[in-house]
Amino acid sequence: MPPGCRLLDLGCGAGRTTIPLARQNYLVTGTDISLPMVHRGKSQAQQWRVPATWSVLDGTDLPFADNTFDGVLFSYNGIELVPGIAGKQQVLSEIWRVLEPGGHFIFTTHAIEALNRYAFGRLKRLASFFFSQILKRDKLESEVGEVIHGPERNLEVYYMQIVSPRIYRTLLQDTGFDLVYYNSRRRIDAQKPPGGRWIDFDPDFKFYVAQKTPKNSNKP
Ligand SMILES: C[S@@+](CC[C@H](N)C(=O)[O-])C[C@H]1O[C@@H](n2cnc3c(N)ncnc32)[C@H](O)[C@@H]1O
């Protein structure tokens with residue numbers, strides 16, 4: 001995307017991506033559901049005299065008009081913090097709405113099938129989830145892939161949902177996006193091109209670039 005484009009950095013946290021993008025002359029709006037995070041980002045940007053707009057909002061209900069942005073970013077697996085598949089679908093619909101036709105949405109996720117050191121833990125959680133469903137036991141997780149840790153487990157995850165990239169591909173398609181690029185961080189670091197569906201099993205994060213169908217496209 002050329003400098004001067006209007007970018008929405010959704011789930012911007014403390015501005016890790018917002019500030020460098022603003023420095024590269026993009027017109028960036030940094031937004032997050034967390035007020036302290038937005039405050040932190042804004043004060044760092046002011047300190048370094050980087051021009052960016054900031055607001056606190058929920059990605060499931062964006063206060064922007066249709067076609068406001070040329071690009072949207074939900075970086076570092078932020079979409080996995082949105083509760084439930086329906087919540088994720090709602091975020092994608094909102095992003096699609098605020099994007100210009102032809103605009104891009106870039107995001108990353110984990111994968112439930114990733115073959116890495118967390119695979120055994122994920123398998124155990126899946127088994128316990130399915131047993132609790134069969135035995136009709138109460139469990140905090142109501143959907144596959146949800147992770148909810150309290151402080152008692154000494155790990156700062158209160159909610160995250162790790163599902164298969166297949167689900168994101170379906171959600172994107174249902175929303176009206178074309179997935180124009182899909183690769184893993186490891187492959188990107190090694191300068192390898194996208195390598196098909198086997199990437200789902202790659203141990204590392206997945207990167208997606210989705211495009212809202214351009215105006216002049218022949219697609220319905
Ligand atoms: C893993 S952090 C990533 C922060 C930042 N993008 C980065 O790369 O450093 C995910 C961020 O998404 C935000 N977030 C979670 N749910 C959100 C929602 N529904 N709407 C907007 N932001 C949300 C969190 O508050 C958190 O700051």
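Biologist: Which strands does helix 2 lie across?

Modeller: Helix 2 (residues 35-47) lies across strand 2 (27-32) and strand 3, and runs at about 170° to strand 3. Helices (H or I, at least four residues) and strands (E, at least two) are DSSP runs, numbered from the N terminus. Angles run from 0 to 180 degrees between N-to-C directions, with axes fitted as lines to C-alpha atoms, for helices over the stretch in contact.

Before we go on, this is a predicted model: local features need pLDDT of at least 70, side-chain atom pairs count only at pLDDT 80 or more, and totals for chains, interfaces and linings use all residues. Residues are numbered from 1 along each chain as its sequence is written.

Biologist: What is the strand order of the open sheet?

Modeller: The seven strands come in the order 3-2-1-4-5-9-8, with mixed pairing. Strand 3 (53-56) and strand 8 (177-184) are the edge strands, since each pairs on one side only. From one strand to the next, the twist averages 15°.

Biologist: How do you know that strand 1 and strand 2 pair?

Modeller: Two strands pair if DSSP finds at least two bridges between them. Five bridges join strand 1 to strand 2, and these strands run parallel, so by that definition they pair.

Biologist: What makes strand 1 largely enclosed by the rest of the structure?

Modeller: A residue is buried if 20 or more other C-beta atoms lie within 10 Å of its own, exposed if 12 or fewer, and partly exposed in between, with C-beta atoms placed from the backbone. Five of the five residues of strand 1 are buried, so the strand is largely enclosed. Both of its faces are covered, with Arg6, Leu8 and Leu10 on one side and Leu7 and Asp9 on the other. In a regular strand, side chains alternate between the two faces of the sheet.

Biologist: Why is Arg186 called partly exposed?

Modeller: Arg186 has 13 C-beta neighbours inside 10 Å, so it counts as partly exposed. You will find Arg186 in helix 6 (residues 185-189).

Biologist: Which residues does Arg186 touch, leaving out those up to four places away in sequence?

Modeller: Arg186 touches Asp202, Pro203 and Asp204. Contact here asks for C-beta atoms, placed from the backbone, within 7 Å. Arg186 and Pro203 are 17 residues apart in sequence, and their C-alpha atoms are 8.1 Å apart in space.

Biologist: Why does Asn25 count as exposed?

Modeller: Asn25 has 12 C-beta neighbours inside 10 Å, so it counts as exposed. Asn25 lies in the loop between helix 1 and strand 2, and its phi is near 70°, a positive value in a residue other than glycine. Most residues other than glycine have a negative phi.

Biologist: Where does Arg49 lie?

Modeller: Arg49 lies in the loop between helix 2 and strand 3. Its phi is positive too, about 55°, although Arg49 is not a glycine. With 6 C-beta neighbours inside 10 Å, Arg49 counts as exposed.

Biologist: How many residues surround the ligand?

Modeller: There are 19, and the closest are Gly11, Gly13, Gly59, Tyr76 and Gly78. A residue is near a molecule if its C-beta atom, placed from the backbone, lies within 6 Å of it.

Methods: Two residues are in contact if their C-beta atoms, placed from the backbone, lie within 7 Å.
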